[in-house]
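Hi,

Here is the structure I promised to pass along. Have a look at it first, and then read on for what turned up in it.

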Amino acid sequence: MGSQGRSGPPGNGGPGEGEGGEARKLQEGRVARGKRRKGKGKGKARAGQGGRGSGTEGKPGPQTAKEAAGPGADAGARACPREEAEGGGSVEEGVRGIVKGVEGSAGAGKEAQGREYGKKEEWRVRARRREGARPGRAQGRGGQAWADIAGTRVAMAAAAEEEEEAAARESAARPAAGPALWRLPEELLLLICSYLDMRALGRLAQVCRWLRRFTSCDLLWRRIARASLNSGFTRLGTDLMTSVPVKERVKVSQNWRLGRCREGILLKWRCRQMPWMQLEDDSLYISQANFILAYQFRPDGASLNRRPLGVFAGHDEDVCHFVLANSHIVSAGGDGKIGVHKIHSTFTVKYSAHEQEVNCVDCKGGIIVSGSRDRTAKVWPLASGRLGQCLHTIQTEDRVWSIAISPLLSSFVTGTACCGHFSPLRIWDLNSGQLMTHLGSDFPPGAGVLDVMYESPFTLLSCGYDTYVRYWDLRTSVRKCVMEWEEPHDSTLYCLQTDGNHLLATGSSYYGVVRLWDRRQRACLHAFPLTSTPLSSPVYCLRLTTKHLYAALSYNLHVLDFQNP
């Protein structure tokens, strides 16, 4: 094996010794053939060309020797300026110049390969340093291969992170080219896009990443969300779910509007019940017989952990109604007693409140109001030192089915059986217990009010035996409701629930029918029968979130999942 010698920079035409004896013999043979041809009068013609070989075998090719030699031949020619100036020279001298150029080109190629190999080695060393270099594995027989693989994995992970960062920067950066509209200030763009509807905003988000990010701004979707069903906004514009993007809530609200949902059963009971329930954060409280059980929702919100978080007892008969207030559970039982339970402790107090079963109860601002079958409504304090001390006893002269305290804590409303010659809806002063006013004047006999709720300090909703849902506004008139919706199948309405804006849900007395209403329309929007003919049951209680609706029936607790229909 010959020594490698020195290889100068490209085009230097250095000696380049060490290319091997075989190549030199080939070149000497070409020189000898050139001399013989010179004797025949062709030497001058071939002195500047050398051999026309296109490969190592010296076979003639169509290209000249200068082209075959590559850039190194030019360098070799520049290395012999004297011979070129003389306009010819011997064949041997011309071939020697070409050989020098070829050798210089080969040396330059090797130098470039060396630089590339050095870069690769430097990259591998850096990758091994990032990996932390596993010395025990690397010293073994396959250590080098293991180190190379580990370095490659680290490099791939780093490249993926760089790509993600670049994509984030690209999505956050405004496009440099495009319509002049994109170069406007963001405040002006927000104002322009605020006039677009939901479909137009969705199409605009498909143009590029920057517009997708820009059109996801909550400010653009607030106006659309306030006009949608159950999007988490009240009638006054208060956002009740600030942690959830408004755009996502608008998507789910379309399922409410179209009636797209998936039905499921959360709980089952062996015997017939009259359950009541309340929601708080990720917990569900539901009454079963004389107990109140607390369950925790799973992350999807459409299923429960089977093991209850807590069990609250204290009544001798079934729990008819209960509310959550100030980390307390205030319950009304068929035994005529009111129970007060602390949610996060075992503290429980019960006291006799009425002579007959307590049908309804409400608690706000440290005040408890209760209504009973004994035709009375009573006011109680929630303070621990005054539990069981009645503040006011109100003679309603009719059985009380429902009760609710005003958000202003100045009055409360009672819903009675409507068996007398007065309205079943009456408003009482909370501090004095005196009658303030009564609502409506055209109730037929027996049009008892089974559920009533305040939506604001001046508006409330009611439903009951007369198959109507009525909306009252105390600022306009107390004699006539502002709007009413009639149950299509002439069924008693046991309960109602609202999102505080446009959606209204009601529970009927037959076949567990849950109806959804858009309060801007007269007709029912959708109906969901939750039971079949043999197991016909009323819907005793309804609760809803922006993604789910929960309905308590005699034998089951049902859920309608509008997030994943």
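**Charged pairs and nonpolar cores**

A network of salt bridges ties together Asp316, Lys337 and Lys350. Please keep in mind as you read that this is a predicted model. In total, the structure holds 12 salt bridges.

Three other pairs may interest you. Let me start with Arg213 and Glu186, whose side chains form a salt bridge at 4.0 Å, N to O. This pair connects distant parts of the chain: Arg213 belongs to helix α11 (residues 209-214) and Glu186 to helix α9 (residues 186-193), with the two residues 27 residues apart. How accessible is Arg213? Its relative accessibility is 38%, so Arg213 counts as partly exposed. Glu186 is also partly exposed, because its relative accessible area is 35%.

Next come Asp473 and Arg475, joined by a salt bridge at 3.1 Å, N to O. Is Asp473 buried or exposed? Asp473 has a relative accessible area of 10%, so it is buried. For Arg475 the relative accessibility is 56%, and it therefore counts as exposed.

Then there is the salt bridge between the side chains of Arg520 and Asp518, at 3.0 Å, N to O. Here Asp518 is buried, with a relative accessible area of 7%, while Arg520 counts as partly exposed at 45% relative accessibility. The cut-off behind these labels is simple: buried means under 20% relative accessible area.

Now for the nonpolar side of things. In soluble globular proteins, nonpolar side chains tend to be buried together. In this model the largest nonpolar core has 24 residues, and Leu266, Met277 and Leu557 are the ones with the most contacts inside it. Which elements give two or more residues to this core? They are β1 (262-268), β3 (283-288), β4 (291-296), β6 (319-325), β27 (548-552) and β28 (556-561). Strand β4 provides the largest share of the core, 4 residues.

Leaving aside residues up to four places away in sequence, Met277 touches Leu284, Tyr285, Ile286, Phe322, Cys541, Leu542, Arg543, Tyr550, Ala551, Ala552 and Leu557.

Definitions and conventions
Residues are numbered from 1 along each chain as its sequence is written. This is a predicted model: local features need pLDDT of at least 70, side-chain atom pairs count only at pLDDT 80 or more; totals for chains, interfaces and linings use all residues. Side-chain values use heavy atoms; hydrogens and water are left out. Buried means under 20% relative accessible area, exposed over 50%, partly exposed in between (1.4 Å probe, protein chains only). A nonpolar core is a set of buried Ala, Val, Leu, Ile, Met, Phe, Trp, Tyr and Cys residues joined through side-chain atoms within 4.5 Å. Contact means heavy atoms within 4.5 Å.
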